[in-house]
Amino acid sequence: MKRLNVLLLLLLCCSIVRAENGYDLWLRYVPIKNKSLLLEYKKQIVSPVVLGTSATAAIARKELSVALLGLTGSSYLINSNINTSSVFIAGTVKSSAVLSALVTKEELNRIGNEGFIIKAKPGKTFITGNTDLAVLYGIFHYLRLLQTNQKVINLNVISIPKLKLRMLNHWDNLNRTVERGYAGFSIWDWHRLPTFIDQRYIDYARANASIGINAVALTNVNANSIILTPAYLEKVKKLADVFRPYGIKVFLTARFSSPIELGRLKTADPLDAIVQQWWTAKANEIYSLIPDFGGFLVKANSEGQPGPQDYKRTHADGANMLANAVAPHKGIVIWRAFVYAAENPVDRHMQANDDFVPLDGKFNSNVMVQVKNGAIDFMPREPFHPLFGAMPKTPLMMEFQVTQEYLGQATNWVFLAPLFKEVLDSDTYAKGKGSTVAKVIDGSLDDHTLTGMTGVANIGNDINWTGHPMAQANWYALGRLAWDYNITSDTIADEWLRMTFSNDAAFVKSTKQIMLRTREIMVDYMNPIGLHHIMATGHHYGPGPWVSNLNRPEWNPVYYHKADSVGIGFNRTASGSNAIGQYHPEARKQWENISTCNEKYLLWFHHASWNHKMKSGRSVWNELVYRYYTGADSVKWMKQEWLKQQSKIDAQRFNDVSMLLDTQLEEAKWWRNACLLYFQTFSKQPIPSNYEQPDKTLDYYKSLRFPFAPGN
Ligand code: GCV
């Protein structure tokens with residue numbers, strides 16, 4: 001009787017969809033439901049072997065054993081030696097003649113240190129590469145195939161990362177607040193480091209390795225020099241030790257004035273010999289603790305940060321000084337191009353090009369210039385940054401923002417892969433048609449070997465890592481696109497949904513459809529037809545197009561939309577700021593004429609009259625009304641579609657997303673009403689009566705305050 005009860009209890013437990021809080025990300029390894037596939041998989045993984053003695057090989061063995069247990073329900077011992085029954089063999093080419101016989105010399109040269117090869121035929125599977133890390137990447141790839149229920153009996157995969165540095169930038173402060181973080185506090189528990197190693201560090205490294213991320217800048221670019229003190233470097237060393245076997249290199253942000261703050265020098269002038277010696281000694285100290293330290297990431301002379309211009313030196317002078325300090329250790333310097341100055345009356349859009357283009361060719365060979373995807377600041381939609389295609393002699397690194405500072409933060413569901421891809425696929429025309437941004441950053445256009453892409457992380461200590469459960473997809477997308485920018489948004493969403501939620505075909509189809517539309521929906525209810533930077537100032541939460549009282553002109557939304565009685569938008573053509581002149585002529589063509597301008601960017605480049613006729617036949621005013629209402633209505637559609645998925649996934653994540661969609665709908669309506677009521681004071685035109693009219697006044701929206709909005 002007792003046994004029967006236990007059995008019944010077990011059965012009951014198994015039949016309930018397991019509770020999920022999102023911590024497992026896309027590495028849940030839940031049982032494969034398709035019986036015939038399961039049988040096929042089991043035949044491919046008899047007596048699995050992962051060769052190698054390194055910590056990385058041990059991690060690969062552990063991952064495989066955890067994954068196979070979860071996916072198949074059977075426990076597998078992962079051998080580290082080949083035996084007669086092994087049909088699944090993974091290891092470097094050097095580790096076994098069986099593996100080296102499979103690949104040609106040419107293939108081995110081509111895949112480098114991180115690329116991997118998977119070959120399978122019925123009853124045989126081989127995963128190999130030049131290093132244990134490549135093999136680990138191959139195993140994660142193979143597990144993805146199982147997790148997404150793909151066929152694995154005939155495989156011939158050669159996968160090589162398109163970019164060398166695939167990075168996350170954490171804007172994490174030493175007190176654990178996160179600038180523009182919406183998922184709790186920093187996961188770096190500095191106070192308890194170096195002794196206490198939080199399991200999170202390991203899980204974080206594992207998640208990154210599963211998508212190919214191989215570098216991380218731990219600290220905020222608005223840097224604190226304390227991170228460079230001996231006590232903190234000991235802590236950093238511990239994190240680097242955890243990350244190393246996962247193939248992840250650590251970078252630190254360097255505050256340019258550190259020689260003054262820490263070294264008590266009188267200056268931080270990059271041409272001063274004592275300052276140079278200080279940085280050389282600091283670099284030596286860091287490398288003595290962390291021999292594979294990646295290098296420094298620097299924000300200088302931007303938004304109040306110190307930099308070489310304080311000493312009338314150039315960005316190149318500053319970057320090269322640091323580059324000299326790390327060069328003997330094979331380190332690099334990543335110097336950010338996000339610069340603009342309040343005293344400079346030139347259109348903010350143009351200031352980075354003005355500063356950096358003259359420096360092309362003047363940076364040391366171990367310097368990369370990190371450029372945000374657009375010239376203003378991670379807007380819901382921006383044209384690509386004109387620096388891409390304008391500095392052929394300098395390796396440019398892409399900086400995306402994964403954390404949704406300007407895209408609804410952690411209350412809005414927005415899948416960012418389409419945004420990332422839109423930028424990467426943009427044609428700079430730097431060397432004729434086809435000179436895409438992707439080709440600039442992968443080094444192929446101008447023959448660079450240092451290449452990379454980074455994302456400002458959306459990770460915090462919330463149980464599900466990213467605040468909004470759906471925001472995990474953006475971390476995932478960043479990694480996948482940094483590995484291969486040709487992967488489609490559809491594929492990324494598909495993989496992520498299957499691994500993170502379910503392989504149920506109807507669920508995947510419907511939820512993917514929502515994901516792929518989220519970005520356009522958000523653009524419509526937030527920043528349609530080229531509007532930008534009209535968020536409330538400071539925290540950037542919600543609309544604030546009316547703000548005009550801040551000291552720095554370019555911190556005021558009115559600077560960007562320029563609404564007046566005639567029309568709306570920023571004239572950046574030759575008759576205006578001529579920011580458009582910073583693009584190559586062919587690229588310019590798509591925007592320079594108001595009547596042919598790609599309407600997605602109309603108000604980005606033109607001050608259009610309220611009655612300017614759009615391709616839809618509507619006036620600019622009516623188009624704005626239409627977009628704002630369509631965007632907000634589409635959030636209702638998202639909710640309706642999501643509600644249909646209730647039976648398909650676990651209750652906790654289903655409910656979390658449902659509640660957040662309610663918030664998103666309220667915020668979309670808030671954006672719509674506040675912006676239209678405000679712009680109406682200029683257009684003097686009605687919101688047509690067929691639309692539900694705003695239920696609050698403009699004064700009400702203007703009065704809203706959020707003193708404790710996160711991330712600020
Ligand atoms: C880290 C924007 C953000 C700042 C951020 C800055 C940057 O201005 O609002 O929080 O600072 O970009 O990228 O340096």
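User: Which residues is L146 in contact with, leaving aside its neighbours within four places in sequence?
Analyst: They are I32, Y41, L68, L71 and V152, where contact means heavy atoms within 4.5 Å. This is a predicted model, where local features need pLDDT of at least 70, side-chain atom pairs count only at pLDDT 80 or more, and totals for chains, interfaces and linings use all residues. Residues are numbered from 1 along each chain as its sequence is written, and side-chain values use heavy atoms, with hydrogens and water left out.

User: Why does L146 count as buried?
Analyst: Buried means under 20% relative accessible area, exposed over 50%, and partly exposed in between (1.4 Å probe, protein chains only). L146 has 1% relative accessibility, so it counts as buried.

User: How do you know how confident the predictor is in this protein?
Analyst: Look at pLDDT, the predictor's confidence in each residue, from 0 to 100. The protein's mean is 96, and 97% of its residues reach 70 or more.

User: What makes F88 and Y142 an edge-to-face pair?
Analyst: Rings of Phe, Tyr and Trp (its six-membered ring) pair if their centres lie within 6.5 Å; planes under 30 degrees apart count as stacked, over 60 as edge-to-face and the rest as tilted. By this rule the count comes to 45 aromatic pairs. For F88 and Y142, the centres are 5.3 Å apart and the planes are at 70°, so the pair is edge-to-face.

User: Why does that pair tie together parts that are apart in sequence?
Analyst: F88 is in strand β2 (residues 88-92) and Y142 is in helix α6 (residues 132-147), so the pair links parts 54 residues apart in sequence. Helices (H or I, at least four residues) and strands (E, at least two) are DSSP runs, numbered from the N terminus. L146 is found in helix α6 too.

User: Are F88 and Y142 buried or exposed?
Analyst: Both are buried.

User: What makes R552 sit over the ring of W555?
Analyst: The rule asks for NZ of Lys or CZ of Arg within 6 Å of the ring centre and within 35 degrees of the ring normal. The charged end of R552 sits over the W555 ring, 4.5 Å from its centre. K562 does likewise over the ring of F570, at 4.3 Å from the centre.
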